[in-house]
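Notebook open, structure on screen.

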Amino acid sequence: MNITALSELERARYYMVEQQIRPWNVSDENVLQALFSVQRERYVPSTLRSTAFSDTELPLIINAVDTHETMLSPKVEARLTQDLQLQPTDGVLEIGTGSGYQAALLAHLAQQVTSVEIDSKLAAFAQENLQRNNVRNVKVEVGDAHAGWGTTEYDAILVTGSVPTIPDALKYQLCIGGRLVVVVGQNPVMTAVRITRTSAASFETTPLFDTWIKPLRGTAVSQFRF
């Protein structure tokens, strides 16, 4: 690739992938292509677009209102996506929509994504971002899904906030062969793990990497849908 021929924006995206993400053991070419295709800067609050490719979490301040939530750093988003081991036919549940960027990455690699966000302001922000970017295979719903969402079984589930322990209800929303990726633990020790459902009542746990992300928020339940 001729880096000098790229626009400043595309050069920044290239360096994000090559200098931050690939060295963090992200090597799946489909995931790397998704990172080039899904334009992260279009999901960042407008006042922060100049930092869209920074190796840091970004606060989700929507119309001057601080939601007290953040976009995960690009390398964590990429690694979580890779560790789901998505297939083009997969149905995915995402818990914690945020800006909609992670959902867009998942949607680029899977057939359908249901993303549940407890904060209605964030859910609306994500829905606007996804619509503006013509992402048609993500359904955003509002509510508290920390202990599961509905009765559908999914091929993959991603939790974008940390949990102290993994609710059994989430594991049982996996299809046989389905994967749940979640960060487990409490500050300062947290580990991303992948839970694979191997049979009706059996699960296999694979530790993935150590990290720290904000705890998943939520208690009240709403079934509001866009």
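**Loops**

I started at Pro 188, which sits in the loop between strand S7 (174-186) and strand S8 (189-199). Helices (H or I, at least four residues) and strands (E, at least two) are DSSP runs, numbered from the N terminus. The peptide bond from Asn 187 to Pro 188 is cis, and its omega is near 10°.

Before going on, I noted that this is a predicted model, where local features need pLDDT of at least 70 and side-chain atom pairs count only at pLDDT 80 or more, while totals for chains, interfaces and linings use all residues. Residues are numbered from 1 along each chain as its sequence is written, and side-chain values use heavy atoms, with hydrogens and water left out.

Next I looked at Asn 63, in the loop between strand S1 (58-62) and S2. Phi of Asn 63 is near 50°, a positive value in a residue other than glycine.

**Helix packing**

For the helices I used axes, which are lines fitted to C-alpha atoms over the stretch in contact, with angles from 0 to 180 degrees between N-to-C directions.

I took helix H1 (residues 8-21) and H2 to begin with: their axes come within 9 Å and cross at roughly 145°. H1 passes H2 in a right-handed crossing (left-handed if the near helix is turned anticlockwise from the far one by less than a right angle, right-handed if clockwise). On the H1 side I find Arg 13, Tyr 14, Val 17, Glu 18 and Ile 21, meeting Leu 32, Leu 35 and Phe 36 of H2; contact means heavy atoms within 4.5 Å. By class, this contact has six nonpolar, no polar and two charged residues. Ala, Val, Leu, Ile, Met, Phe, Trp, Tyr, Cys and Pro count as nonpolar, Asp, Glu, Lys and Arg as charged, and the others, Gly among them, as polar.

Then I checked helix H2 (residues 29-37) against helix H4 (residues 101-109): the axes come within 10 Å and cross at roughly 130°. That makes H2 oblique to H4 (under 35 degrees is roughly parallel, over 145 roughly antiparallel, 65 to 115 roughly perpendicular, the rest oblique). The crossing of H2 and H4 is right-handed. H2 brings Asn 30, Val 31, Ala 34, Leu 35 and Ser 37 to the contact, and H4 brings Tyr 101, Leu 105, His 108 and Leu 109. I count six nonpolar, three polar and no charged residues there.

Helix H3 (residues 74-83) also packs on H4, at an angle of about 35° with the axes 11 Å apart.

How many cavities of 30 Å³ or more does a search of the whole structure find? I get one. A cavity is a set of points on a 1 Å grid over the protein atoms alone where a 1.4 Å probe fits but cannot get out, and lining residues have an atom within 4 Å of a point.

The largest cavity holds about 380 Å³ of space. I list 29 lining residues, with Glu 69, Gly 96, Gly 98, Glu 117 and Thr 160 nearest the centre. Strand S2 (65-71), strand S3 (91-95), H4 and strand S4 (112-117) each supply at least two lining residues, and S2 gives the most, with three. The lining divides into eleven nonpolar, ten polar and eight charged residues.

Conventions:
1 Å grid on protein atoms, 1.4 Å probe; cavity = no way out; pocket = protein on both sides within 12 Å on 5 of 7 lines; lining within 4 Å. Points joined across faces, edges and corners; volume = space filled by probe spheres on them.
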